Amino acid sequence: MSKTVLQVRGVTKRFGGLVAVKDMAFDVHQHEVMGIIGPNGSGKSTMINMISGTFAPSAGSILLNGRELAGQPAHRIAQLGVARTFQLVRLLPEMSVLDNVIAGAAFGYRRRWGHSAETFARDLLARVGLAHAAGLPVSTLTYIDTKRVELARALASDPEVLLLDEWLAGLNPTELATGIALIRSLRDEGRTVILVEHVMDAIRSLCDRCVVMASGEKIAEGTPAQALSDPHVIRAYLGEDDA
Amino acid sequence: MSAREVRNLLVSAVLLGLCALLPIYGSAYWLTMGTTMAMFAVLATSWALFSGPTHYISLATAAFFGVGTFVTGLWFQSLPFWSLPLIAAVAGAALAALVGLVTLRLSGVYFVIFTLGLAEMVRQVFTWVQNQTGARGMYVLTSLTEREIFWMLLALGTLVYLAGWLIGRSRLGFALRIIGNDETVAKHSGIDTARAKVLLFMVPGAAAAAAGAMLAPRYIYIEPATAFAPLLSFQVVIMALLGGTGRLWGPIAGVIPFTLLWEVITRQAPNQTLLLLGLAFLLIVYVLPGGFVGLWDRARRRWGGR
């Protein structure tokens, strides 16, 4: 088995009296696409936000290649090798598409600046299918293209772990096929990806393994086929009668 | 450097040369106007370096400026004059760093209000200290003439301009633009947003304090109420926005017409100056959201050009 890149142990997040994530534990291996799935409100996004440092866990440890991420500020975590996209796409509206991608390259894990950043950003734009759009303002882009720019920006720091928070949400069927192919190509080039996703097709065809969450806890883990046929999972999604 | 940059540099150098000759060919009246413009050029350009990209509107200019005038007021007799703007710049940068550490986590209107309050607070502190020591105001009587003050300000302006040009090309400048666009993205891209903001906030702090130190002899008599007058902060914001913060030359394009207009108004209708300030602000917000820079860019887009 390849080495463990990210190790989550005993991670808990409380918002006041509400326990959003409770005692989560899982590993992510190198070159693996790992899915985090679960019904709405099950704590998936909270989990992603803790890994990327949007907020700190109330308890527990998140190790990236042996270094503690829990409690570090977001910019530090980005510098240590975690890049992410956002559930609601966030681009830099006053900048060109190219500058949006360079923004990801200039300050993150593997830093590039000047000519090398620009070349790298152009390559990434070509990689996500936006080679023609480099000079455009982001306001002219279609929805899936804004997602592509965001993906290119996240890739621009050459991260150890890439977090995709519902990156496929809101795409139409044609775009979805394109999107899935794009993420699969990331896996083929050896990226380590954590995917929070609702689209079951995507999970089945992309994930090597997945963790299923319900009410903030891990209820199953394994290959998508194993996890999705687990009685606990069926109960969480469909209710008691169908289990 | 590209050919375009060389050209811009040459144009700037020629303009600077023409400005520097003002005390020689201009009348005393125009020298006074020129000094005022140079002062506002320094203040507005340095203000825009921080507030332009981040969209954090700072009303702290008067605080930094006032500290600068007091540096001169306190030490012009005991230290060589050339050292005073340097000391003031260090003091202004330190004050800006302090304020930055406390407030730059605030966003939007909270930051605006805090910076306004800061100027007032510094003024009160100086007043209190003066009351304790029994002093009132200070006379700053030096042998400096207006032309020397003008040249000093011009040199300071050149420094601010060069600093702005360098910052604009640097990673720090790029980081600030990202922060101004989306602070969350900035953090998750690896930018230490607090550090970047504090670092850049020190630039207008230092520049405004240095300008204050240079201009103190012009006021002859300084006291907290005039040195920290909040009007200055508002004038700087309006001039910078009138010119536009999208480009380095933008604030200067606002300073020149506004200073001329201000001069006419204060002479013709001295009681309505604040009214003009308010009207100008409304006009900029509604008619010229990008300032002259925005107008210029739109015009160039419409008529081809580069």
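Among contacts in chain B between residues at least 6 apart in sequence, what percentage join residues at least 24 apart? In this predicted model, the share of such contacts that join residues at least 24 apart is 80%.

**Chain B as a whole**

- Chain B contains 15 helices and two strands, and its radius of gyration is 19 Å, close to the 19 Å that the globule rule gives for 306 residues, so chain B is as compact as a globular protein of that length.
- Taken along the principal axes, the box that the C-alpha atoms of chain B fill is roughly 60 × 50 × 40 Å.
- Of the 306 residues in chain B, 46% are buried.

**A helix pair in chain B**

- Helix α13 (residues 250–268) of chain B packs against helix α15 (residues 291–302) of chain B at an angle of about 115°, and the two axes are 7 Å apart.
- On the α13(B) side the residues that meet the partner helix are B:Gly250, B:Ala253 and B:Gly254, while α15(B) brings B:Gly291, B:Phe292 and B:Val293.
- By residue type, this contact of α13(B) with α15(B) divides into three nonpolar and three polar residues, with no charged ones.

**The four-stranded sheet of chain A**

- Chain A has an open sheet of four strands in the order β2-β1-β4-β5, and the pairing in this sheet is antiparallel.
- The edges of the sheet are formed by β2 (18–29) and β5 (67–68) of chain A, each of which pairs on one side only.
- Strand β1 (residues 4–15) of chain A is joined to β2(A) by eight bridges in the antiparallel sense, and within this pair A:Val11 has A:Met24 in β2(A) as its bridge partner.
- Helix α1 (residues 44–52) of chain A lies across β1, β2 and β4 (59–64) of chain A, and its direction makes an angle of about 65° with β2(A).

**Strands around β9 of chain A**

- Strand β3 (residues 33–37) of chain A runs parallel to strand β9 (residues 209–214) of chain A, and four bridges join the two.
- β9(A) also pairs with strand β10 (residues 217–222) of chain A, here in the antiparallel sense and over five bridges.
- β9(A) and β10(A) form a hairpin with two residues between them, and in the turn A:Ser215 has a positive phi of about 50°.

**The largest nonpolar core**

- The largest nonpolar core has 164 residues, of which A:Val101, B:Leu153, B:Ala209 and B:Ala211 touch the most other members.
- Helix α10 (residues 193–219) of chain B supplies the largest share of this core, with 15 residues.
- Leaving aside residues up to four places away in sequence, A:Val101 touches A:Ala121, A:Leu124, A:Leu125, A:Val149, A:Ala152, A:Arg153 and A:Ala156.

**Where chain A touches chain B**

- How many residues does each chain give to the contact? Chain A gives 18 residues and chain B gives 16 residues.
- On the side of chain A that touches chain B, the elements giving two or more residues are α2 (74–80) and α3 (97–106) of chain A, and α2(A) gives the most, with four residues.
- The residues on this side of chain A comprise nine nonpolar, six polar and three charged.

Conventions
Residues are numbered from 1 along each chain as its sequence is written. Chains are lettered from A and ligands numbered from 1 in the order in which they are written. This is a predicted model: local features need pLDDT of at least 70, side-chain atom pairs count only at pLDDT 80 or more; totals for chains, interfaces and linings use all residues. Two residues are in contact if their C-beta atoms, placed from the backbone, lie within 7 Å. Ala, Val, Leu, Ile, Met, Phe, Trp, Tyr, Cys and Pro count as nonpolar, Asp, Glu, Lys and Arg as charged, and the others, Gly among them, as polar. Two strands pair if DSSP finds at least two bridges between them. A nonpolar core is a set of buried Ala, Val, Leu, Ile, Met, Phe, Trp, Tyr and Cys residues joined through C-beta atoms within 7 Å. A residue is buried if 20 or more other C-beta atoms lie within 10 Å of its own, exposed if 12 or fewer, and partly exposed in between; C-beta atoms are placed from the backbone. Axes are lines fitted to C-alpha atoms, for helices over the stretch in contact, and angles run from 0 to 180 degrees between N-to-C directions. The radius of gyration is taken over C-alpha atoms; the globule rule is 2.2 Å times the number of residues to the power 0.38.
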